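Thanks for asking me to look this one over.

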Amino acid sequence: MASQNAGIIGMGHSYPEGILTNADLEKIVETSDEWITTRTGIKQRHKAAENEYTSMFGTEAAKRALEKAGLRPEDIELIVCATTTPDQILPCTGAIIQAQLGAHNAAGMDVFAACSGFLYGITMVESMIRTGQIKYALVIGAEVLTKYVDYTDRGTCILFGDGAGAAVLGPVPEDKGILATKIRSDGRFEEQLYCPGGGTKYGTTHETIDKRMHYFKMKGNELFKVAVRSMAEISAEMIEKAGLAVNDIDLVIPHQANQRITDAVASRLGVPEEKVYSNIAMHGNTSSASIPIAMDECIESGRITEGTTVLLTAFGGGVTWGGTVLRF
Ligand code: COA
């Protein structure tokens, strides 16, 4: 069967208007703007209101991506929503977004791969377009993490923010689009970042709530080291698989977890600072939404134009990680 290159043909992003600054956090937990800035690079993060939830941002981002792609919702055959913070356990957020968009010819599904979810979605969809199974798909990263964050735990509550980014994928000419992509996980590191309560292992009870088991738990220090190693390794592997050298990469967009993680990955790869995009100061860590939000910001500002070769790399709870090289 002839192989069809798949690429991103439109992007959009959206986030709540509400903002939580480091100064706001100083009033909630024992921390300081200085500590948060030097340890993470984060200055503020967007925070959903009580009546705002994940699909709202996912749908808005998807609408904008469809508009940029010049497609109608009916043209989409698959909606992959990467999220760790779904609207509810059933139905999946992908199907909820499908209804909100009116994408009646699509299948909607969720990918649960934490911060690497967008790259998981891209990797799955790429092969479906390449083999001709589908023509157009939406891959969305959407999160309202602030509703899963324990605002008594200063080790995690300073990191996370809310938002969504979306990409329309479709056929593109040869030597454009996704040139190499790969996803990985290692469940042995489960307890580095997890949320134990509310599932079938520890169903929601008064006890699980009293023990705050419905919130994210993290061993930040250990995660840091695994994140740097995994992202650097898979990035180098994907650059080689794409038949490129590090110098051929015009722009690196890593998952925005921590400025120090980004700097360490770039330094291991030998990529100069000016080729690495960071928006962590303004958004914090938005998990699966961070890469598509950052990509769309780069398109809007002209850092990504036709012909730009981009390296994406992500790491998240699970642990999961991934790398993608693509040319616009
Ligand atoms: N304000 C002030 N002090 C804080 C703090 C905060 N918000 N959070 C932790 N501390 C304290 C700790 O209690 C500890 O104090 P101690 O030495 O008296 O015990 C000290 O700061 C150092 O803590 P440590 O956890 O070693 O700091 P760190 O340099 O590793 O930074 C993270 C913590 C969370 C910022 C960092 O580990 C990190 O970003 N890890 C990766 C997390 C991540 O990206 N997760 C998502 C993956 S997708």
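1. A polar contact here means a pair of N or O atoms within 3.5 Å. With that in mind, and remembering that this is a predicted model, start at Thr31: a polar atom of its side chain lies 2.7 Å from a nitrogen atom of the ligand.

2. An N or O atom in the side chain of Arg39 is 2.7 Å from a ligand oxygen, and for Arg260 the corresponding distance to an oxygen atom of the ligand is 3.1 Å. Taken alone, the ligand exposes 950 Å², and the protein buries 72% of that.

3. Which pocket does the ligand take up? Its space is the second largest pocket. The biggest share belongs to α8, with four residues.

4. The shell holds 22 residues, and those that come nearest to the ligand are Thr31, Arg39, Arg154, Asn221 and Asn258. By type, the shell has nine nonpolar, nine polar and four charged residues.

5. Val252, Pro254 and Thr262 are among the residues lining it. Both β11 (251-254) and α9 give two or more residues to this lining, with α9 giving the most, four.

6. What is the make-up of that lining: nonpolar, polar or charged? Seven of the residues lining the largest cavity are nonpolar, one is polar and none is charged.

How values were computed: Residues numbered from 1 in each chain as written. Predicted model: local features only at pLDDT ≥ 70, side-chain atom pairs only at ≥ 80, totals over all residues. Heavy atoms only, no water. Near = heavy atom within 4 Å. Polar contact = N/O pair within 3.5 Å; in protein donor to acceptor, adjacent residues only side chain to side chain. Areas by Shrake-Rupley, 256 points an atom, 1.4 Å probe, with all protein chains shown as cover. 1 Å grid on protein atoms, 1.4 Å probe; cavity = no way out; pocket = protein on both sides within 12 Å on 5 of 7 lines; lining within 4 Å. Sits in = over half its atoms within 2 Å of the grid points. Nonpolar A, V, L, I, M, F, W, Y, C, P; charged D, E, K, R; others polar.
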